[in-house]
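The sequence and the structure are shown first.

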Amino acid sequence: MNCRPGDLTVSINTRWPENLGLIVRVVRPHINSPAWNYGDTPAWWCVCEQPMTWHFSKSGRVVRDFEGPIPDASLRPIRPDAGRCQTDTATATSTGTEEAA
């Protein structure tokens with residue numbers, strides 16, 4: 001997973017161009033429901049100061065709202081340790097060294 005609750009993130013690799021580059025806050029893990037079902041894809045419930053857009057291909061419905069689910073793979077956290085894998089962090093911690101990013 002790229003994100004964790006409380007992260008400020010930027011939306012990347014979005015299916016809909018109007019969502020590309022939006023800055024969103026991760027609130028909590030998304031729980032699938034009949035209206036918002038991502039299957040096995042990890043997703044987060046997020047909020048944004050600008051409306052986000054979801055297109056439902058089966059029904060043709062378009063939803064624009066300031067909060068909703070976003071797949072983890074479509075978000076990149078904006079924080080100093082973003083992009084470091086867990087093994088890098090574990091190695092740096094165990095050796096007591098940190099490399100400049």
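Leaving aside its neighbours within four places in sequence, with which residues is Met52 in contact? Contact here means heavy atoms within 4.5 Å. Met52 meets Asn19, Leu22, Val24, Cys46, Val47, Val63, Arg64, Asp65, Phe66, Glu67, Gly68 and Ile70.

The model is predicted, so local features need pLDDT of at least 70 and side-chain atom pairs count only at pLDDT 80 or more, while totals for chains, interfaces and linings use all residues. Residues are numbered from 1 along each chain as its sequence is written, and side-chain values use heavy atoms, with hydrogens and water left out.

## Sheet

Helices (H or I, at least four residues) and strands (E, at least two) are DSSP runs, numbered from the N terminus. Two strands pair if DSSP finds at least two bridges between them. Five strands form an open sheet in the order S4-S3-S2-S1-S5, with antiparallel pairing. S4 (62-71) and S5 are the edge strands, each pairing on one side only. From one strand to the next, the twist averages 40 degrees; axes are lines fitted to C-alpha atoms, for helices over the stretch in contact, and angles run from 0 to 180 degrees between N-to-C directions.

| Strand pair | Bridges | Sense |
|---|---|---|
| S1 (residues 8-11) and S2 (residues 23-29) | three | antiparallel |
| S1 and S5 (residues 75-77) | three | antiparallel |
| S2 and S3 (residues 43-55) | five | antiparallel |

Thr9 stands opposite Val24 in S2, and Ser11 stands opposite Leu75 in S5. Arg28 stands opposite Trp45 in S3. In a regular strand the side chains alternate between the two faces of the sheet. In S1, Thr9 and Ser11 make up the covered face, and Leu8 and Val10 the uncovered one.

## Nonpolar core

A nonpolar core is a set of buried Ala, Val, Leu, Ile, Met, Phe, Trp, Tyr and Cys residues joined through side-chain atoms within 4.5 Å. Buried means under 20% relative accessible area, exposed over 50%, and partly exposed in between (1.4 Å probe, protein chains only). The largest such core has 14 residues, and those with the most contacts inside it are Val24, Val26, Trp44, Cys46, Met52, Ile70 and Leu75. S2, S3 and S4 each supply at least two residues of this core; S3 gives the most, with six residues.

## Cysteines

A disulfide is a pair of cysteine sulfur atoms within 2.5 Å, and a search of the whole structure finds zero of them. The closest cysteine sulfur to that of Cys46 belongs to Cys3, at 7.1 Å, which is too far for a bond. Cys48 is likewise in no disulfide, the nearest cysteine sulfur, that of Cys46, being 9.0 Å away. Cys46 is buried at 0% relative accessibility, and Cys48 is buried with a relative accessible area of 10%.

## Salt bridges

A salt bridge is a side-chain nitrogen of Lys or Arg within 4 Å of a carboxyl oxygen of Asp or Glu, and by this rule there are two. Asp7 forms a salt bridge with Arg4, the closest N and O atoms being 3.9 Å apart. Asp7 is buried at 7% relative accessibility, whereas Arg4 is partly exposed at 41%. The side chains of Asp7 and Arg79 also meet in a salt bridge, at 2.9 Å from N to O. Asp7 lies in the segment before S1 and Arg79 in the loop between S5 and helix H1 (86-95), so this pair ties together parts that are 72 residues apart in sequence. Both Asp7 and Arg79 are buried. Through shared partners, the salt bridges join Arg4, Asp7 and Arg79 into one network.
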